Number of protein chains: 8
Amino acid sequence: MDLNEIEKIIDAIKRNELGSGEAARRIRDSFYEDLGYARVDHSRASRQGFPEVVFGKGKTRAQVVGIVERLLQRSANLLVTHTDADTFGEIRNITTDAEWHETARLIRVVREPADRGVGTIAVVTAGTSDIPVAEEAALTAEAMGNRIDRIWDVGVAGIHRVIAERELLRQARVVVVAAGMEGALPSVVGGLVGVPVVAVPTSIGYGASFGGVAALLGMLNSCSSNVSVVNIDNGFGAGFVASLINRRWEPPVE
Amino acid sequence: MDLNEIEKIIDAIKRNELGSGEAARRIRDSFYEDLGYARVDHSRASRQGFPEVVFGKGKTRAQVVGIVERLLQRSANLLVTHTDADTFGEIRNITTDAEWHETARLIRVVREPADRGVGTIAVVTAGTSDIPVAEEAALTAEAMGNRIDRIWDVGVAGIHRVIAERELLRQARVVVVAAGMEGALPSVVGGLVGVPVVAVPTSIGYGASFGGVAALLGMLNSCSSNVSVVNIDNGFGAGFVASLINRRWEPPVE
Amino acid sequence: MDLNEIEKIIDAIKRNELGSGEAARRIRDSFYEDLGYARVDHSRASRQGFPEVVFGKGKTRAQVVGIVERLLQRSANLLVTHTDADTFGEIRNITTDAEWHETARLIRVVREPADRGVGTIAVVTAGTSDIPVAEEAALTAEAMGNRIDRIWDVGVAGIHRVIAERELLRQARVVVVAAGMEGALPSVVGGLVGVPVVAVPTSIGYGASFGGVAALLGMLNSCSSNVSVVNIDNGFGAGFVASLINRRWEPPVE
Amino acid sequence: MDLNEIEKIIDAIKRNELGSGEAARRIRDSFYEDLGYARVDHSRASRQGFPEVVFGKGKTRAQVVGIVERLLQRSANLLVTHTDADTFGEIRNITTDAEWHETARLIRVVREPADRGVGTIAVVTAGTSDIPVAEEAALTAEAMGNRIDRIWDVGVAGIHRVIAERELLRQARVVVVAAGMEGALPSVVGGLVGVPVVAVPTSIGYGASFGGVAALLGMLNSCSSNVSVVNIDNGFGAGFVASLINRRWEPPVE
Amino acid sequence: MDLNEIEKIIDAIKRNELGSGEAARRIRDSFYEDLGYARVDHSRASRQGFPEVVFGKGKTRAQVVGIVERLLQRSANLLVTHTDADTFGEIRNITTDAEWHETARLIRVVREPADRGVGTIAVVTAGTSDIPVAEEAALTAEAMGNRIDRIWDVGVAGIHRVIAERELLRQARVVVVAAGMEGALPSVVGGLVGVPVVAVPTSIGYGASFGGVAALLGMLNSCSSNVSVVNIDNGFGAGFVASLINRRWEPPVE
Amino acid sequence: MDLNEIEKIIDAIKRNELGSGEAARRIRDSFYEDLGYARVDHSRASRQGFPEVVFGKGKTRAQVVGIVERLLQRSANLLVTHTDADTFGEIRNITTDAEWHETARLIRVVREPADRGVGTIAVVTAGTSDIPVAEEAALTAEAMGNRIDRIWDVGVAGIHRVIAERELLRQARVVVVAAGMEGALPSVVGGLVGVPVVAVPTSIGYGASFGGVAALLGMLNSCSSNVSVVNIDNGFGAGFVASLINRRWEPPVE
Amino acid sequence: MDLNEIEKIIDAIKRNELGSGEAARRIRDSFYEDLGYARVDHSRASRQGFPEVVFGKGKTRAQVVGIVERLLQRSANLLVTHTDADTFGEIRNITTDAEWHETARLIRVVREPADRGVGTIAVVTAGTSDIPVAEEAALTAEAMGNRIDRIWDVGVAGIHRVIAERELLRQARVVVVAAGMEGALPSVVGGLVGVPVVAVPTSIGYGASFGGVAALLGMLNSCSSNVSVVNIDNGFGAGFVASLINRRWEPPVE
Amino acid sequence: MDLNEIEKIIDAIKRNELGSGEAARRIRDSFYEDLGYARVDHSRASRQGFPEVVFGKGKTRAQVVGIVERLLQRSANLLVTHTDADTFGEIRNITTDAEWHETARLIRVVREPADRGVGTIAVVTAGTSDIPVAEEAALTAEAMGNRIDRIWDVGVAGIHRVIAERELLRQARVVVVAAGMEGALPSVVGGLVGVPVVAVPTSIGYGASFGGVAALLGMLNSCSSNVSVVNIDNGFGAGFVASLINRRWEPPVE
């Protein structure tokens, strides 16, 4: 919540310039806009200095486009995840700044780039098939103002591959690791670095991988204490958490 | 790995002062000490500037005490988690600096306190029964040089309780949230703050809570993007990750 | 069972106007009509004063249409759930009163509207993607004679959105809450109101949401005591239970 | 929240009789009292006209007694669930009105009985072993001002037993059904009555009953549309929901 | 194994008319014919007096037709389950006695009908959608020489429907019950009859039915002691077991 | 239901010798006796010609003894399963005919032995540890008037052991097979005999046996079509079903 | 790692012919080639004397072809698993030695055949539907220089079929067994031979086979001690492990 | 089966020195001895040249001792696993050669040591807590005539620990790896060696380790192709399989 705005309304109450009903309505409106099928949140991005994000899956194309249209009126930067090329086509009609990223199936609008990170974020995959999820993390973190080092295909069956990248890993303020199958890579990476590791299990595998559950359990039970975990295939969440960890931080002034 | 030490050995190889076999042995020894039943890692703590940690469960008391003895010879600070009062009694014989924390079932030795955090860490519980796990997180983070704000019993069934603590939450650089049952609190807290939330599901509940699985799944599926998760009842891990997020960071010089 | 009808048959037995075999057959026939593939229940609706309901999935189109035809001969109101537009086309040939609801994939016939509720029913969703399930609940409850307040997209990650609707929630005699992912919204709503909350988990989510299981478990473990739960995506059941709670009630006279 | 009290504080703000900081503190205090390990909620009961409830499991005895002491200062009626006879002994020292119910392992204080129900609540079990859970539901509902009809041991393997009680079931405004094993009884009862059925699965059974999961799944998939479900062994929750359904209801005046 | 044939071979060994190698080969050949991709068992049907059965799923069409061709040379009766109309087309070219059953997706050849049952077999479904599985059971049992009573759509939500068929159920030597969703019908039927009930869970349902698991667990935990269970959707198995129970039995003479 | 008794009451109604209320009460009483905590069923045994059975687990000792006392007044034969030696001590005070079977933890009273089976029942175990469950099946079937062949410890890892017992297996009208771990024995036995096999998984095993789930799944997926399954460790159920299969059967006269 | 190559580099360091940076780069390059989306490992095959393997699923066709192209420049033999005929078409353009195996969906290039096995490998299936997985194992083991005995369709329901092949099984140094449904065959085979059995569960089955989980659990709980298990449908892994067991072994000289 | 013995019996049949019945009995007796509760297998060990093994759990102490007594009459070497010190006390009375291994809870009798392995077996653990399971594997393999290298506590969080032991690992003909928690070590070890890796998951861990399931799934999904898996905590099985892989092998002469 934007406390300054609220404080002004309270002052107006005190000065008797504002009735209770009207005051309540104004406070509510400052938070979000109601489209009927969605409440578009205009305060979150300004609150956190980050782009707005729309999760595309489960919404109709018209809903996605409608939300995007409203968000772009107030927000410079935006991500649409879990979407498709046709939706991109319609959004391209609204703003020519939109980019389509096929691998990650993600639309990105960055009209006001910024450098908000104290260090780099290393994004690592165990295999080639994990790249789409990792790329979603990397694109998200870039949109949130971070420099990224991409390190693909360094799974633990050839342990020398990840050890060879140790120097690059150690430059990072935070590491994102995407892995399917047994999900062992975050534990190994976690032992090589002294910073937080955000592990994202992928649904890559078959049989007893159970759509990523094996990797998820492996990561939750990691013997490296610096590992925390997000949902299966949640590249966006991993990139988001990593960005928050990497950002230059000062206690909020309210 | 301590690169300086390795570099010295490599220089000695170049100067022909050191044979290959002896060089290999020295490099190996710089990493850990072999007690037979355990390889005590002398490099991890110095590497990361953090206390050594012994996970007590699954080891015999003699093993725990043996490992602790060795670690205390080189490390000022130490945690023993998942342990008991009798083990504490024996460790008290080794060092009088040891403290016993009954609620978290944790032994702590802090002989060289430090202030390593850029902000405070808020540790939050949904209910009274979640306190032991949360306390483990808080004690860990304190041992790693952080200031903690403890906020107990603010579960979502009385949403005004957590909203009332919003100011305190917003002062934090990172928030740890421990919750059992439906595990909904991290999502709500995640929406109130703009920093990372480390969620730790607890095994509190019965029936379809399945020993913390319901809370774990709730947290993994959080609609707040700033939430990452550690294992059920892993208060130590949550405190450890939160400490890494909160520490003053500079790129490692190797 | 319609006791009056049975009593008449018993009287006829006493008066020796009716043989045992014939009596048995008549009693049986008063309950349902046997179409071969289905036993159409003619007594349930009259018993409960509610519309007949046909669950479309798993039946052939011919079976659905056949059952509907028979039911419409005795019942004024009717719902077909989990169906499709082509089935609607055929039912439209039987009665022009049929309406097609695309979002909820539901056919509705309300030829005798009624107002049976003591208050309103609030139907709430956590996100935009939960609307189809919630809409099934709302349409069902409307068909059963209730006034509905629809409150869409007030998930817990932006807790101010649901708090802003507190007044509307408090006017309700019962609240239906549809949520996927972590399924936390019923707990929060449950804490805001003093009436029953019927929680319906949706299959919205991915990865460790396991098709709605995470939301289901979250709701079953709700720390709000006024929450009860129906099956994943069972919007119809939620609307039905909510209608029974909201109806004006008198002890049955038999 | 008690709106009247808040309104008075707001009026005081307007009259400049109250500073912002003091106002905030007073509003917060009206909600709950902070015991350190628990936030005792003083507004919930008054809000809902129901007894306070303490869930005993997972809290130390001292914590339970401390919370009870505070609650009894403001609330006439109280339940402690999942507790034991020794805790009862200590609470008996605080108030001689406390009753101990061995079967349900529940302490009850009812100093201000009331009749709040529009009808009776039928509480039904499938077997003898389900009685403790059902009794918890019945005692809860009694404490909330309802008349109860207890119908024990009418499981579906002897279908004539439940059919024989049809008259009693039909007098009820709401039915609670506790069943373990296959959990089929709520479906049968649901077909016999036209009111809501609150199903509570019990952990009675062995092998593939998985501690009540089989019964839980059976109830969630009930083919009777008037069934909703609470957590395994959650007799309290079933009694609570049933009481809310049965209470005489008027829209809240705020 | 056909002991007479083996005995003859042993006698031939004793009379030195047969070498060891040749004897072994002959014994082996009497059991089955090796098609490369399948070992066609020529002794099973003669051993048990039942038709040969081919499970179509997971085999190529050519494999199914090849096996059928070989079996029909020695066996009068045959079933192909989990197959399709095109396979039927090819088998029709081999024998014009083949019948196609669309509902059960089953091909049946009965060239030597027999009456082998001591009583009738009742086959019962809870709903209309369970008919395909039940029909597979009924067609199997008919092919094995039994008279069948089909009782469709008598699920427990309308308990009077199954009670109305009590007379028919009591004529049966064994009852097959197919049910999805909560799978409660076998328990009720089990209580109404004094003969074995073979329960077959179906995958009918959605959400927490988990493709028939809820029904399966319900049936395994049945409180009626006369219920045993086969795999989800295994109508064939249910019909086969029921036929074995119903057959006129004499101890085998070997 | 005992139709003769009911018919007499109906006749009395016709002759006006009996009022409706009294008639209803008499009919109900003929079914069971209500002990408060249990409805003792007096008609089931007479209906099926079998002993009464009390499941001991989950009932207090006083409840078990109370139910037994009532049953023994009307029933000659009785089983108490899942019970203990102390309960046996108290039941011994009621009847000296009671036997205690330590291995199966079962009390048995057989005052009227009978020979009701058309053949023998073979009861088979895979290992020594499965004997308690198998013994429960065997004792049950003996109490129901069957001759039993016990075949212990013939698991599939030494396939010659079960093949060596083929003759004995072939004499049986039905085979009960108890197996833990991978639960493969029923499939092998099923292939050796032409009669129904009742498979009972046991909880014997560790690790991925999951308390009998691995064996249960193995049996449900048996490639032998004559296998049906009861709950894990349900020796009683297996013995009961086997007895029903083996009994001399005639269509009920009603 | 190829120690000789490394040793040469170390010698060059000692002779001051090589700077540290250049030395590090050379060592890294000797391990793998970085294609951007994949790190092609050039040392694994030479290390183990086996063909390179590419897992096709989850990679784009262009990625698979690119990796294959690079591998074929240094490696004589190669497998591509989980691939399709179109990919084969493109690889056929690179090398005419490529073979397409439709059943196993596998591409094989064997330009330098070898005989590396001490004995034969028997590959066994329970049913016809398990052949694709078994064929993947057989083709892999052939490519690794082994002679194979294929034994198809000898599942345990006709136990004489596998016993008849005992001689062939006993000639093998290691046995691979592929089975779906209850997965019992490895236990039986394990009891017949004195060599390791590599069990591979297949996803063949339906209902409670849960995509191969039932077979997997059966194999993990095998009562035959010589059984170890690979992932569901992992024919390649089974063939690979069997080849390593069968190869002529000498301690590596480094 | 001991073919020589059988052949002699067949010769005696041919010479008419032996009747059929007597011949059958003799053949059967050569396989095992029936103790009533167990069939003691006298042919397995001689068949495979390995010690007899008794699994202690689930058997009474008297049963274990009885079986051991019988086995020691014919077999020089013997293992009792999952047993206790008191059982050891009784077995010590039978043979003074018995050794008690507390860590592994295993009794071992080796009266005829042998060296049967072509190389060494490396047994590796991830942590100190995994030692009991690993020790069971090592003791089993020793009893089967192998030399063992024990490598304890080299989990992947400190990857330099396992890399430091690479030389020792490469000397092994087969490697056993015991690991709990995320079970990642077999994948790393598998990448370092060119021989089979037998992975044994342990139940070490808590929360989402689910008693070893997380480790089991990790190992089944290993990206190293040379890994096969045994049951959770099945150290005996791992040692047994490793011994079979390591033994000097010649095709059986029958």
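Reader: Which side chains meet in a salt bridge between chain B and chain D?

Author: Those of Glu165(B) and Arg39(D), with 2.6 Å from N to O. Keep in mind that this is a predicted model.

Reader: Thanks! How many salt bridges does the rule find across the interface of chain D and chain B?

Author: The rule finds 1 there.

Reader: Which elements of chain D each supply at least two residues of the side that touches chain B?

Author: Strand β2 (39-41) and helix α10 (213-220) of chain D do.

Reader: Good to know. How many residues of each chain are in contact, and what area is buried between chain D and chain B?

Author: On the chain D side 20 residues are in contact with 16 residues of chain B. The buried area is about 1600 Å², and carbon and sulfur atoms give 53% of that.

Reader: Switching to rings now. How many aromatic pairs does the structure hold?

Author: Over all chains, 24. One of them is formed by Phe55(C) and Tyr206(E).

Reader: Why does the pair of Phe55(C) and Tyr206(E) count as stacked?

Author: Their planes are at 20°, which is under the 30 degrees needed for stacking, so the pair is stacked. The ring centres of Phe55(C) and Tyr206(E) are 5.6 Å apart.

Reader: Where do Phe55(C) and Tyr206(E) lie?

Author: Phe55(C) is in strand β3 (residues 52-55) of chain C, while Tyr206(E) is in the loop between β10 (197-201) and α10 (213-220) of chain E, so the pair joins two chains.

Reader: Is Tyr206(E) buried or exposed?

Author: Tyr206(E) counts as buried because its relative accessibility is 15%, and the cut-off for buried is under 20%.

Reader: What about the rings of Tyr206(F) and Phe55(H)?

Author: That pair is stacked too, with centres 5.6 Å apart and planes at 20°. Tyr206(F) lies in the loop between β10 (197-201) and α10 (213-220) of chain F and Phe55(H) in strand β3 (residues 52-55) of chain H, so this pair joins two chains.

Reader: And what does Phe55(H) count as, by relative accessibility?

Author: Phe55(H) counts as partly exposed, at 26%, whereas Tyr206(F) counts as buried, at 16%.

Notes. Residues are numbered from 1 along each chain as its sequence is written. Chains are lettered from A and ligands numbered from 1 in the order in which they are written. This is a predicted model: local features need pLDDT of at least 70, side-chain atom pairs count only at pLDDT 80 or more; totals for chains, interfaces and linings use all residues. Side-chain values use heavy atoms; hydrogens and water are left out. Contact means heavy atoms within 4.5 Å. Buried area is the accessible area (1.4 Å probe) that two parts lose on being put together, summed over both. A salt bridge is a side-chain nitrogen of Lys or Arg within 4 Å of a carboxyl oxygen of Asp or Glu. Helices (H or I, at least four residues) and strands (E, at least two) are DSSP runs, numbered from the N terminus. Rings of Phe, Tyr and Trp (its six-membered ring) pair if their centres lie within 6.5 Å; planes under 30 degrees apart count as stacked, over 60 as edge-to-face and the rest as tilted. Buried means under 20% relative accessible area, exposed over 50%, partly exposed in between (1.4 Å probe, protein chains only).
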